Amino acid sequence: MIHLYALAGGPVEASLGGIDGRPVTSVAIGELYAIVTTHTAPVARDAAAALAHVAAIDAIADHVDLVPVRFGPGHSDEEALRAHLAPVVPELRSLLDRVGGHVEYLVRRTLPDGAARDDGAPAAEAPDGPGRAYLERRRDAELASEAAHRARQAELRAATDGLVAHAVDVRDVVTRRGPERCFLVARATAPDFESWIRSLGDRDADLVVGGPWPPFTFASLPVGTGASL
């Protein structure tokens, strides 16, 4: 089985290790290289393997610019890997040009207690009778939750707008834990950016900061390309 970590513009040293300590290898796919490890069985789908996956990407990124790949199922062999990625090499090349040599930081504005989003569908009750009051309460709760998210998102944007000029790209993301802003930052400027972002967290207990880590948020292929990372 082939486990994929990243796409890079050049090969990497086999001395680097991946999941289960397996040495990484570089598989040429068009003008890019897939950075992989080979296993005798599918990689375990657990937290330990996922953490090892991210750690390997961090180590590989110290040696070569790359597009990180999210932890996921493997490929049966190199032929299957090439068949999956070859059709989107041009898109991957564009991604590498944009995110290679960069890291990602995150700032989240936490929600007030009880304001976590509930995306479950309401029960199919009759529009009249006892079920109607439940549906109305459910609707009111969802509206209140959406309003809390919008307010927190506005607060987050106001708190982090000073960082935007120091990032290459910014993405706003809505999660059940609260709105997030993700920042794509060049590795060369990451130390300064990290000091600024940590100072925000020190001043505001409702802000959760994270990073640096591989820029997964910014390393997604356009919809319709026929492959996923």
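Two strands count as paired if DSSP finds at least two bridges between them. By that criterion, this predicted model contains an open sheet of 4 strands, in the order 6-7-5-8 and with antiparallel pairing. Strand 6 (169-175) and strand 8 (207-213) form the edges; each has a single partner strand, so one side of each has no neighbour in the sheet. On average, and with direction ignored, neighbouring strands here are turned by 20° against each other.

Strands of a sheet pair through backbone hydrogen bonds, either parallel or antiparallel. In this sheet, strand 5 (residues 102-109) and strand 7 (residues 178-186) run antiparallel and are joined by 7 bridges. Within this pair, L106 has C182 of strand 7 as its bridge partner. Helix 5 (residues 190-203) lies across strand 5, strand 7 and strand 8, and runs at about 160° to strand 8.

The sheet is part of a chain with 5 helices and 8 strands. Read from the N terminus, the elements follow the order β-β-β-α-β-α-α-β-α-β-β-α-β. Of the contacts with a separation of 6 or more, 72% are between residues 24 or more positions apart. The chain has 229 residues, of which 39% count as buried. It exposes about 11,800 Å², with carbon and sulfur atoms supplying 54% of that area.

One of the helical residues can be followed in more detail. H53 is found in helix 1 (residues 47-61). Is H53 buried or exposed? H53 has a relative accessible area of 1%, and because buried means under 20%, H53 is buried. Leaving aside residues up to four places away in sequence, H53 touches H3, L4, Y5, I19, V69, R70 and F71.

The last topic is confidence. The mean pLDDT of the chain is 86, and 88% of its residues reach 70 or more. Two stretches need separate mention. Over residues 117-126 the pLDDT is below 50, and this stretch has 25 contacts in the model beyond near neighbours in sequence. Over residues 223-227 the pLDDT is also below 50, and that stretch has 5 such contacts. Where pLDDT is low, the predicted coordinates should not be read in detail.

Definitions and conventions: Residues are numbered from 1 along each chain as its sequence is written. This is a predicted model: local features need pLDDT of at least 70, side-chain atom pairs count only at pLDDT 80 or more; totals for chains, interfaces and linings use all residues. Side-chain values use heavy atoms; hydrogens and water are left out. Helices (H or I, at least four residues) and strands (E, at least two) are DSSP runs, numbered from the N terminus. Buried means under 20% relative accessible area, exposed over 50%, partly exposed in between (1.4 Å probe, protein chains only). Contact means heavy atoms within 4.5 Å. pLDDT is the predictor's confidence in each residue, from 0 to 100. Accessible areas come from the Shrake-Rupley method with a 1.4 Å probe; for residues, only the protein chains shown count as cover. Axes are lines fitted to C-alpha atoms, for helices over the stretch in contact, and angles run from 0 to 180 degrees between N-to-C directions.
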